[in-house]
Amino acid sequence: MFAFIIRRLLSLVPLLLGVSLLVSLLMYLSPGDFLTQARAAKDIDPAVIEQQERQLGLVNADGEATAWFVRYGHWMANISLVKYGPWVGQPEEGLSFGWPYFGESWTYKVEVFTLLKQRVPATFILSLTSIFFAWCIAIPLGVLAAIYKDSIFDRISALLAYAALSIPEFFLAILAVYFAAITGIFPEGGRSSVESEFLGLGARILDYGYHLILPTVVLGIGSVAGMMRIMRANFIDYMQAEFATTARAKGVAERVIMFKHVLRNAINPLITAFGYSFASLLSGALLVENVMNYPGLGQLIYEALIREDQYVVMAGVLIGVVMLVFGNLFSDLLLGWMDPRIRLEGGAKNGASGQKANLVWLVLIGIIALQILLEVFAPSLLGMIGLILKYIGLLLVGLLAVACVLLVGYIVFTLFRRLIGGVLRRPMGAAALAVLTLLYCGALFAPAISPYPITEQNLVKPYHPPTGFAWKDGALHAKLYQKEAVGSPTYIHSEDATAPIVWFSKSESYKLFGLIPMERKLFQLETEDPAARVYLLGSDATGRDIFSRLLHGSQVSLSIGFIGISITLILGFIVGSLAGYYGGTVDFVAMRLVELLMSIPGLYLLLALRSAFISPDFSPTQVYMVIIIILSVIGWAGTARIIRGMTLSIRNRPFVVAAESMGQCVPMILIKHILPNIASYLLVAATLAIPGYILAEAALSFLGLGISEPSASWGLMLKQSQGNMIVFFMNFWWMLTPGLAIFVTVIAYNVLGDVLRDIVDPKMQTR
Amino acid sequence: MSDLLKVSDLRIAFHSRDETNEVVHGINFSVETSGQTVAILGESGSGKSVSCMSLTQLLPKPPDCTVSGEILFQGENVLEMDAEAIRGVRGKGIAYIFQEPSSSLNPVFTIGYQIAEAVRLHRPDIENVKGRVIELLELVGIRDAAKRYSAYPHEMSGGMQQRVMIAMALACEPELLVADEPTTALDVTIQAQIMNLLRELREKLGMSIILITHNFGIVKGFADEVIVMYRGEIVEQGAVESVLEDPQHSYTKALIACIPKLGQKQKRLSTIESEMAGR
Ligand SMILES: Nc1ncnc2c1ncn2[C@@H]1O[C@H](COP(=O)(O)OP(=O)(O)OP(=O)(O)O)[C@@H](O)[C@H]1O
Ligand SMILES: [Mg+2]
């Protein structure tokens, strides 16, 4: 076991090397140079900059900025324990010992290490408490739901699990802040109270704990649902296991069987999931910490990324990876201790595969090294290659996207025709389908339904509440509101102040589906007053109609999942089926790549890629495209893994062997024989994966890194409420409707996916 | 005469979402006291296992599965017992050895612990539980019993696992032992060892045995009475010799013809279908 731990820790070295290299490359690719920014900033002491330039090799002897890899080299030299003088800015040559030096933070104006020392424990404790919270809730609930299967309790807890799975973490965080603001029971954010400094030790710890409660609950709830479902499914499986019957036949009491024999077995997959849950918690922490203003690692990395605080990002990401690896290691050790069948191998058996895994890293590092060489010796060539690659890439991606959507659309259509009867026969399925149809219709006809253009401001009516209606003179009238007093945030409706609604009336011209020119909208207000509006869902800070923005925003949020999953499916199918079909080295390389992608906390990768590839002068459409591409590039890994497994099981069936023996080529076999056999599983997996895309886009836009103003997207609309205490204190609940929209969409997809899974294969477990 | 076990008109049905599937259609049989051995034969899926599981309510609970009829164990109706009472019958009255030893043992507990659990439940008077477990392991012929006490199931071979199952059943000191195809998962040489072991133990401890099998070969010389089931019904019942000599039902004849006879060369092994079609 000791050998096992050592080997695990050793494998950390290439991982850290690769990740740090990748991060610094991405930071270099992202527009803007941190050194220029630091020099331009008024509040940074030139002496500090000068010292940094020397110690971290930011400029060469002539005072010109050095290449990114030179900086990377210097950074490495600085964090190593043994230091070589000239590389760390010391005049004298020779080796010396010293603590790792991570550089200086430009934004916080302290050493990165000092910053990490404050932030890492905060996130670490938050992750631990929320895992602990999740386990304490999920295990008992899952067990009870399994024991009382199909009872009212089971139904209710399944419903709650659905809800918890479908609610975006940042929206939950907003709700929590809202709750805290209204009730005043909990602090609205932060890690400690203002007076914390003056408290005694005990009181201070209590104060920390008090501030930890809400973030813990918010962060934990997402994992509770997943864990609970795993627990329930496992428990039910093991309740019918033969060893349970054996114990029953011995005369053991039912209670003992459940809580000893079954529980000990059913809990193992949760322990395996522990490592992964750590990864997703780190992603979640980024959002939750941001919304709740909890000074942790996630918030730190996010802000550093935005402000190009290079050395904070590098160190933060490294610490994140280390925490992740330790989480995995811990869960492996725990599992080895809980499950006697698992022996932790430290010896030669896994050594070969470990070396192969390192090979993948070596290849990656080799590619980057090649890039460095080119940059040194032939910078113009590199630029040209980059340009050519970019255009070829854009063209390919465009074509691929169109092909993917067509193909997947066709498959979905044919499959759906077969399954639709089954879906409609189940009430849950029919309801989910109806909701989704409604949402997509809303998105399609958004320009016709929405009464106002999304950018039309109405500065005299900020935070207008939803309009009421009245029936007058045989026609529907909308009530009109006036501010209670100038500057007051509350509106009052004075009697008789109404305006009639006219249906299909003329307004400004627009294009339906981007093609058909139209002039009439579903409904308009007929009034002389230019500031009078009908606000179905209220207005935002600049008086824009939230209902209109919601509809237009749905075009982004709803299509992104669909297009993203199409690309993901095709990529996943190509990689997964080839890996499953050929096995051996192909399989090995593909699966290591998949594991690599899955082990990096998704949101951080998303952020890094996005800041590398989106420059500020992109148009909204371009941003939209790039986001889709990034999402699918990150997302294909899981799909590829599922498809590989399925291909593997089909690969040796007689009909595949027969096709092979007739000399059919591999692509033909994959498409004609393997695809039809896994298509329905893919449909299920895709349906359950779409929410991930919707949530990721929302999160990105919410952080201000996705779709940006004045365009609309659900995540972006929620951003207005973040940190905006007036929204909470004045109870402007309608500002939160985009969160509800996300929630409804996601839950509909989840329900539909589950119903489809039930029809395709009742025993299949996708999660 | 008072039987140890008397089953009359036993019917078992499974219910799924929209259909009901009766797998046992009213069977009657009995087991006398004093070490009688009854063999139940029948092809796969004929309802042997479910019939025996119903003896101590081990089948799924009513919405999924219903059992009707009467099962008298030592004069009391098992089907009407509550959870507490049935636990008194399980193990102490009727103990089981299941078909698949590898999945019938809990993988995360040591075999010693699993046997000790049975000892503690049914012989609370024994103080040295560990000693008793080792005794039992020796009884079923496991070498190095003291060392094996803390072994996990996956560290043992199939034959040893089955011995552990037998030891666990014996730890309860049952009146009636139900051995559900105790040798199917094992290879031929181990099969013979296990059957010999059961024979030995029956003589030593004087318990009755219900042996489920689809192999007439091992019934001969082991059981006193034989019951032949076919598609959920008993088609033939009687002393082993009389059934073997003069089978009435065509299915029984087919089964008997399937016994490979030593020293007799056959072109190919007959299957049940071909035998039944031939008659
Ligand atoms: N839990 C269950 N749910 C539904 N049907 C069941 C269940 N258990 C058994 N059955 C059905 O009951 C019938 C009898 O099964 P049983 O296990 O008694 O057969 P068997 O005679 O023991 O066969 P084998 O020799 O293969 O063990 C089978 O048709 C089986 O499909
Ligand atoms: Mg059976």
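How many salt bridges does the rule find across the interface of chain A and chain B? In this predicted model, local features need pLDDT of at least 70 and side-chain atom pairs count only at pLDDT 80 or more, while totals for chains, interfaces and linings use all residues. Residues are numbered from 1 along each chain as its sequence is written, chains are lettered from A and ligands numbered from 1 in the order written, and side-chain values use heavy atoms, with hydrogens and water left out.

The rule finds one salt bridge across this interface, a salt bridge being a side-chain nitrogen of Lys or Arg within 4 Å of a carboxyl oxygen of Asp or Glu. The partners are B:Glu117 and A:Lys250, with their closest N and O atoms 3.1 Å apart. Both residues are buried, that is, under 20% relative accessible area with a 1.4 Å probe, protein chains only (exposed is over 50%, partly exposed in between).

Over all chains, the count comes to 13 salt bridges. Within chain B, B:Glu173 pairs with B:Arg123, the closest N and O atoms being 2.5 Å apart. B:Glu173 is partly exposed at 29% relative accessible area, and B:Arg123 is partly exposed at 22%. B:Glu135 forms a salt bridge with B:Arg132, at 3.3 Å between the closest N and O atoms. Here B:Glu135 is partly exposed at 46%, whereas B:Arg132 is buried at 16%. Through shared partners, salt bridges join B:Arg123, B:Asp125, B:Arg132, B:Glu135 and B:Glu173 into one network.
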